[in-house]
Amino acid sequence: MAVELIVKAAAGAPDVLGDCPFCHRVLLTLEEKKILYKVQLVNLSDKPRWFLELNPEGKVPVIKFEDKWISDSDVLVGIIEEKYPDPSLSPPPEAASVASKIFPSFIKFLKSKDPSDGTEQALLDELKALDEHLKEHGPYINGENVCAVDLSLAPKLYHLEVTLDHFKSWKIPESLTHVNNYIKLLFSRESFKKTVAAKEHVIAGWEPKVNA
């Protein structure tokens, strides 16, 4: 039986998969584990009543487990791992928090209007730390096989690449070869290609936050 899943629809395109990195992470997890799933798209700027009735917080992604709708991508990925342990995507404890500060650093830099406020350097420091980790342990976070940390990072790195290039004409330095190779590796996976939101929807999703 297919797993039921509710994710974000693209802004202005209710029938198209939206740009939520947390929804993307859960979709990647289902794909990598070859779990059959059924997706329902929801317009987050005009949430339908049925959606708020089953999920009063109004957050996505949401999955139905045993007749109960559960949200929060961390929780969902944990439940999927428990219910469908094969193949295992569990990272070793020492790898669980690798690169966890990249996404918040990226958001600060993306929203920054002051080139000298240190947000660019803070992001570069996080990317350099990831580069060092991959140099030692790569090609993925935990060596040869993809794990849950990679599937959490892939959508975030995609948002970083697309939006920083668009809004700031900024790219990850070529000198960070391990990070750049890692991104190519992640983005070339079948699971990623099947579940990725179009660049224009990612840009449209961030536009109001960048111009706020």
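A residue counts as exposed when its relative accessible area is over 50%. Lys 34 has 72% relative accessibility and so counts as exposed. The model discussed here is predicted.

Lys 34 lies in the loop between H1 and strand S3 (37–42). Its phi is positive, about 55 degrees, although Lys 34 is not a glycine. Glu 66 is another such residue, with a positive phi near 45 degrees. Glu 66 sits in the loop between strand S4 (62–65) and strand S5 (68–71). Its relative accessible area is 69%, so Glu 66 is exposed.

Two cis peptide bonds can be described as well. One runs from Asp 86 to Pro 87, with omega near -5 degrees. Pro 87 belongs to the loop between H3 and H4. The other runs from Gly 138 to Pro 139, with omega near 10 degrees. Pro 139 belongs to the loop between H5 and helix H6 (148–168).

Ser 88 is also in the loop between helix H3 (73–83) and H4. Ser 88 is partly exposed, at 49% relative accessibility. Setting aside neighbours within four places in sequence, Ser 88 contacts Lys 33 and Glu 81. Glu 120 is 32 residues from Ser 88 in sequence, and their C-alpha atoms are 35 Å apart.

**Helix packing**

Two packed helices are described by the angle between their axes and the distance between the axes.

| Helix pair | Crossing angle | Axis distance |
|---|---|---|
| H4 (residues 102–111) and H5 (residues 119–137) | about 155 degrees | 8 Å |
| H1 (residues 21–32) and H3 | roughly 5 degrees | within 10 Å |
| H4 and H9 (residues 199–210) | roughly 65 degrees | within 10 Å |

H4 and H5 pack at about 155 degrees, and are therefore roughly antiparallel. H4 passes H5 in a left-handed crossing. On the H4 side, the contact is made by Ile 102, Ser 105, Phe 106, Lys 108 and Phe 109. H5 contributes Thr 119, Glu 120, Ala 122, Leu 123, Glu 126, Leu 127 and Leu 130. By class, the residues of this H4–H5 contact are seven nonpolar, two polar and three charged.

H1 and H3 cross at roughly 5 degrees, and are therefore roughly parallel. H1 brings Phe 22, Arg 25, Val 26, Thr 29 and Leu 30 to the contact, and H3 brings Ser 73, Asp 74, Leu 76, Val 77 and Ile 80. The residues of this H1–H3 contact are six nonpolar, two polar and two charged.

H4 also meets H9, passing H9 in a right-handed crossing. Phe 103, Phe 106, Ile 107, Leu 110 and Lys 111 of H4 touch Trp 206, Lys 209 and Val 210 of H9. The H4–H9 contact has six nonpolar residues, no polar ones and two charged.

**Cysteines**

A search of the whole structure finds zero disulfides. A disulfide is a covalent bond between the sulfur atoms of two cysteines. The cut-off for the sulfur pair is within 2.5 Å. Cys 20 is buried, with a relative accessible area of 12%.

For Cys 147, the closest cysteine sulfur is in Cys 20, at 20 Å, which is too far for a bond. Cys 147 counts as buried, at 2% relative accessibility.

Technical notes. Residues are numbered from 1 along each chain as its sequence is written. This is a predicted model: local features need pLDDT of at least 70, side-chain atom pairs count only at pLDDT 80 or more; totals for chains, interfaces and linings use all residues. Side-chain values use heavy atoms; hydrogens and water are left out. Buried means under 20% relative accessible area, exposed over 50%, partly exposed in between (1.4 Å probe, protein chains only). Axes are lines fitted to C-alpha atoms, for helices over the stretch in contact, and angles run from 0 to 180 degrees between N-to-C directions. Helices (H or I, at least four residues) and strands (E, at least two) are DSSP runs, numbered from the N terminus. Angles under 35 degrees count as roughly parallel, over 145 as roughly antiparallel, 65 to 115 as roughly perpendicular and the rest as oblique. A crossing is left-handed if the near helix is turned anticlockwise from the far one by less than a right angle, and right-handed if clockwise. Contact means heavy atoms within 4.5 Å. Ala, Val, Leu, Ile, Met, Phe, Trp, Tyr, Cys and Pro count as nonpolar, Asp, Glu, Lys and Arg as charged, and the others, Gly among them, as polar.
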